[in-house]
Amino acid sequence: MSALQETPDMKHPLARNSVQTDGAKGVYSSTGKGMGLFATTAFIIGEMAGGGILALPQGVIQTGFIGILMIVVAAAVSGYTGVILGDCWGFLLEKWPEQYASTHIRHPYPTIGLHASGRGMYHFVAFLVDVTLFGVSTVFLLLVSENLSQFFPGHLNYRIWIIIVAAALIPLTWLESPKDAFLIAIFASAFTAVATIIVFGLILSEGKSTGHDVYRPPVTFESFCLGIATIVFAFGGHASFPTYQHDMKDTSKFWVAVMAGYLAILVFYVPVSAVASEFFLNQVSSNVLNNLNGGVWAKIVLWMFTFHIFCGFILVVNPVAQDVERLADIPQGFGIRRIIVRTALVLFSLGFAQAVPCFDKILQLIGSSTVMLLSYILPCWFYLRLSETVGRFVPLHIRVLNYEIIVVSFLAMIACTYSAVKGIISGCHYPK
């Protein structure tokens, strides 16, 4: 197929056009089946907002007075890369409509990498996606366990709670992949919105911490890198973005879902992060719920976040399980081999959690490495490569912007990954 001819609405690289193919309906338009704009936005919010709200206040403290600014900058850049990653899928629909417009694609992000840089990139992206989702699932396992240990203080050791939660999750992972997770996404987003408002109110009601041992900690190179890793993780939903877009009724509207989702997430993130970091200063916990005094509302919030994250584990670990089953040539459908594989996957996550029982350490490692690649570096690279493949004109300033994001993100990835690994080696403090 020859390269597409440039049309007026293709001149701007972020144009949202429906490309006409052979006089038929544009392949970059509605199919009549799949998720709507509201559902896609809910998935984006539900995936990113849970753990980010709990961890960001510490990230703001670690980055100093520019912490809130860094959240806004990270959101702007991540939102931009989310949009151009959606454009990359649109490029595939333009170039190969028969192959991708009406066929279910199991791995859309690796498929984008395949057409941008070859089969090796396909496997590399698939590996990054699985590692990221596995890391996120371990973070969720630790967060649920920590919340339960705080809700039932003195009853069981924190490490015992990790085992209990893993045991509760194992049979749930045996189920088929959720065919329609729309309600889960809606409840997750709604729970996050309500819980965020309550957390914000509780922090304001408790007032600013005082005392000689309460101060604004100095910002070091290492603390700044760890704070950046936390912020990057909080906006790291790109591993699933192409899947959400692929499942939409109208793929050309994905950019709207990204913008709406990010605006909502910023409304969640900024007030809580600003107030919690300013009120608690060096006393702010890696999980801000630990800074709230006991009470009915604090317990309600804790349960809301715990339920959200518990469901999130099931959704996040499922794609990894399916990939392992595909590699092991395990047939679809319930069976003993599926039980063995998915149980082993949860046990592997349990072992990782017991080895590094601090969710913030794993969060920072994932945020500084695989999330940095999937959310910042690769979308820019793939966009530039695929725009050439389909004959899409990209202005010089957009090219420069993309290369700047690639270079800055690569340098940040090296520094932040080094700091995260050093932090894991030095050990961590966790609930007893």
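**Helix contacts and core**

Tutor: Start with a contact between two helices. From α1, Ala-55, Gln-58 and Gln-62 meet Phe-359, Asp-360, Leu-363 and Gln-364 of α13. Keep in mind that this is a predicted model.

Student: What sort of residues make up the contact of α1 with α13?
Tutor: Three are nonpolar, three polar and one charged.

Student: OK, geometry. At what angle do the axes of α1 and α13 cross?
Tutor: Roughly 70°, and the axes come within 12 Å. Angles of 65 to 115 degrees count as roughly perpendicular, so α1 and α13 are roughly perpendicular to each other.

Student: Left-handed or right-handed?
Tutor: The crossing of α1 and α13 is right-handed.

Student: How many residues of α13 are buried?
Tutor: Nine of the 10, so α13 is largely enclosed by the rest of the structure. Among the buried ones are Phe-359, Asp-360, Lys-361 and Ile-362.

Student: What covers the buried residues of α13?
Tutor: The cover includes α1, α5, α8, α12, α14 and α15.

Student: Switching topic. Which residues touch the most other members of the largest nonpolar core?
Tutor: Ile-203, Phe-235, Tyr-269 and Phe-382, in a core of 126 residues. Helix α5, residues 119-151, gives the largest share of this core, with 14 residues.

Student: And Ile-203, what does that touch?
Tutor: Leaving out residues up to four places away in sequence, Ile-203 touches Val-272, Val-275, Ala-276, Phe-279, Phe-280, Val-288 and Leu-292.

Methods:
Residues numbered from 1 in each chain as written. Predicted model: local features only at pLDDT ≥ 70, side-chain atom pairs only at ≥ 80, totals over all residues. Heavy atoms only, no water. Core = buried A, V, L, I, M, F, W, Y, C linked by side-chain atoms within 4.5 Å. Buried < 20%, exposed > 50% of the residue type's maximum accessible area, 1.4 Å probe, protein only. Helix = DSSP H or I, 4+ residues; strand = E, 2+ residues; numbered from the N terminus. Contact = heavy atoms within 4.5 Å. Axes fitted to C-alpha atoms, helices over the stretch in contact; angles between N-to-C directions. Parallel < 35°, antiparallel > 145°, perpendicular 65-115°, else oblique. Left-handed = near helix turned anticlockwise from the far one by under 90°. Nonpolar A, V, L, I, M, F, W, Y, C, P; charged D, E, K, R; others polar.
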